[in-house]
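Biologist: I have a protein chain to look at with you. Shall we take it one question at a time?

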Amino acid sequence: MKFALIRFILPLVALPALAAGPALIPLPQQMQVRPGVFTLCATPPVPGMPAQATTRILVDAASAPVGDYLAALLLRSTGCQFQVRTNTGSAAVRGAILLTTTNALPSLGTEGYELTVAPDSVVIRAPAPAGVFYGVQSLLQLLPPEVLSLQAARNVRWTAPCVYIQDQPRFSWRGWMLDSVRHFFTKDEVKQLIDAMALNKLNTFHWHLDDDSGWRVEIKKWPLLTQVGAWRTNTMFALNPRASTTWREDGNYGGFYTQDDVREIVAYATQRYITIVPEIEMPGHSSAALAAYPQFACGCLTCSNGPYSLSVTSYVGGVFCIARPETTAFLKDVLTEVMGLFPGPYIHIGGDEVNFGNWNKHTLDQQATNALGTASMQVYQGYFAQQMANWIKDQGRTMIGWSEIMNGGLVTNTAMMDWLNTMAVRTATNRQYVVMAASATLYINKWETGSSAGDGNGVVWSNEPPAQSGYVPLTNVYAYEPIPAALPAAYTNYILGAEGPCWTEWIPSLLNMQFRIFPRLSAIAEVDWTPAALKNWTDFTNRLQVQKQRYARMGINYNPSAPPPQAGTWTPTQTPATYSTRSWDITSTVTGPGEVNASFCWKAGANGLDIAWAALLENGVEVDRDTHAGFTYSGKITTNRPAYVLRLPAYRRGATYTLSASVQGHGGTNSTGIVYRPNWD
Ligand code: TNX
């Protein structure tokens, strides 16, 4: 059966948020809008008790977990208790949402589904439970955005337009990568991000769990990995320490996931049909592991060497001595525990940016390369990767590694994740699986808005917070095509899909993380799900308006893709030559308790501006002060920390809020700029 893609057809009554028509992201393959609406939960709530919904959720055995998920979500946002009942029939039932795997179209595969919303019933039919889950996500997106609220929303008409949808994803790896190392994100923060993945029908959570600056997963056999490797003395990366949230009482920064935490997160992801791909870096990016266990480093007299400490850098980062049998045994111990925690098919071993310095100097590694008959450290890394790939295969899993694992020649028994955009064609034509993660287009930790014109140093300019240099606008992400143009058609099946990595050197908090990845993660979701021929930028941005409302209901911050609101400005005549206090009335931009952040952004003039501190005042009384020294010049706020984090514990309606700062001209007073009130820290 083929259905024309008919969208924006019927004017929908009483659905202000969806006035333009169903705003589904990712766009389904086929959708027909039909007359009428389905209404949920018609019973008025009884005070003090969750109202019993008149709508029931009917499930077969395979759909039961999805039915429970839907009922729990609806209870939270509608305040109504939806009964979940078993029903093995396959026909629509009046007044019910039927979730079924019976009589499904086999061609929809393991993730496809049909969704029929009629005035008196809803049917989600899919060959497999994951498809039922995606049908539920589409149903949720047909309902008002309040359905994703974290508390019961009032005065909402819970209607969904009648539709018939037949849908399945284009790619099987629809991913997002979280770097929990450079900055740590708590278990609950990770769960919230997993929920946002589910909303976007993403199914692969790639979790970067160790690096030079930290080790984040408990390994029972090697406890120093977290005892030593999970904590450092500062946030690193020259960030404002106030922006970071995971400080330990003793003043150290960091954290790690216990094995119980991991099991809980894996279960949470599994309930949302999301597979976690854990990444343990080897042989490079390993300073944290070597700080805990230096015996696995080269350790030669001429090697650049210990004592290893948690470090910022990547190219000069710690490298395992892979010539030592005890190193390989240690890595296998670690991966054995990791495989015990993460049941998914893929194990990521990193492999990027290996610093070959020590291998070139260390007798053991030199003996190993001589035995291999090569002087190439890339070949040597490839040899190591091949040993790991074979061993991981013997454990019943599949290895995946970054582009560089293939630099010394193709390694087999492994998939490859191409961040450098160099290895996809060679790997796929060798009939090996590839995930696209091109740093130029998919790194959603880079700036989303700004200018690529440069500031004279070849650096792009942005009002956004400090970031890995680069400019990844939403349009570019949306336009991304995962299949490389040079790949012959016979091999396109070897491209599993695309993922958006989020590296966190400059991302110290959840608020900041959300600001970076949303809404660009929605664009990646559509790249991965929707056939390229159906993608349409204007239509996507229209639907994105509603997706942003959903994010807001989920308590998720996002980049409005426009400059933040202003606290005020400064001009040369208002710029003191020596430090003195300037104030801006920011009452209109303060709407509730929480962070009241400020960032100073130079716009014009021969001089910059120094900032000694910034403070928040309520009715003229200081509430909070951030005292670090900042400096702004040349349009960038990437360096010198001219961003201030101020906290308002309680908001008082009617109060006057003032931002004060001690400022002076830097080398003169000829400077003009804007003080922003950003929604990030
Ligand atoms: C390179 S991308 C890295 C990461 C950094 C990123 C940004 C990749 C495989 N390696 O370790 O976080 O650049 O600095």
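Biologist: Is Val 590 buried or exposed?

Modeller: Keep in mind that this is a predicted model. Buried means under 20% relative accessible area. Val 590 has 3% relative accessibility, so Val 590 counts as buried.

Biologist: Which residues does Val 590 touch, leaving out those up to four places away in sequence?

Modeller: Start with its place. Val 590 sits in the loop between strand 23 (580-585) and strand 24 (594-595). Leaving out residues up to four places away in sequence, Val 590 touches Val 596, Leu 648, Tyr 651, Tyr 657 and Arg 677.

Biologist: What separates the C-alpha atoms of Val 590 and Asn 358?

Modeller: Along the chain, these two are 232 residues apart.

Biologist: Which domains does the assignment give, and how many residues does each side bring to the contact between domain 1 and domain 2?

Modeller: The assignment lists domain 1 (2-167), domain 2 (173-530) and domain 3 (566-676). The C-alpha centres of domain 1 and domain 2 lie 37 Å apart. Their contact takes 16 residues from domain 1 and 15 residues from domain 2.

Biologist: What radius of gyration does the chain have?

Modeller: Use the rule for a compact globule. With 681 residues, such a globule would have a radius of gyration near 26 Å. The chain agrees with that, at 27 Å.

Biologist: What share of the residues in the chain is buried?

Modeller: The secondary structure comes to 16 helices and 32 strands. Of the contacts with a separation of 6 or more, 75% are between residues 24 or more positions apart. Among the 681 residues, the buried share is 60%.

Biologist: How many residues of helix 15 are buried?

Modeller: Helix 15 covers residues 520-529. Its buried residues include Arg 520, Glu 526 and Asp 528, as well as Leu 521 and Trp 529. Helix 15 is largely enclosed by the rest of the structure, because its buried residues number 10 of the 10.

Biologist: And what covers the buried residues of helix 14?

Modeller: In helix 14 (residues 510-517), 7 of the 8 residues are buried, so helix 14 is largely enclosed too. Among those buried are Leu 510, Met 513 and Phe 515. The cover includes strand 10 (173-179), helix 3 (187-199), strand 21 (495-502) and helix 15.

Biologist: Where does Pro 519 lie, and what is omega for the bond from Phe 518 to Pro 519?

Modeller: Pro 519 is in the loop between helix 14 and helix 15. Most peptide bonds are trans. The bond from Phe 518 to Pro 519 is cis, with omega near 10°.

Biologist: Which residues does the cis bond with omega of about -5° join?

Modeller: Look at the loop between strand 16 (275-279) and helix 6 (287-292), where Pro 283 lies. The cis bond there joins Met 282 and Pro 283.

Biologist: Is Asn 155 buried or exposed?

Modeller: Asn 155 is in the loop between helix 2 (129-142) and strand 9 (159-167). Its phi is positive, near 55°. Exposed means over 50% relative accessible area. Asn 155 has 82% relative accessibility, so Asn 155 counts as exposed.

Biologist: What about Phe 237: buried or exposed?

Modeller: Phe 237 lies in the loop between strand 14 (231-232) and strand 15 (253-254). Phi of Phe 237 is also positive, near 60°. With a relative accessible area of 11%, Phe 237 is buried.

How values were computed
Residues are numbered from 1 along each chain as its sequence is written. This is a predicted model: local features need pLDDT of at least 70, side-chain atom pairs count only at pLDDT 80 or more; totals for chains, interfaces and linings use all residues. Side-chain values use heavy atoms; hydrogens and water are left out. Helices (H or I, at least four residues) and strands (E, at least two) are DSSP runs, numbered from the N terminus. The radius of gyration is taken over C-alpha atoms; the globule rule is 2.2 Å times the number of residues to the power 0.38. Buried means under 20% relative accessible area, exposed over 50%, partly exposed in between (1.4 Å probe, protein chains only). Contact means heavy atoms within 4.5 Å. Domain bounds come from an automatic or database domain assignment.
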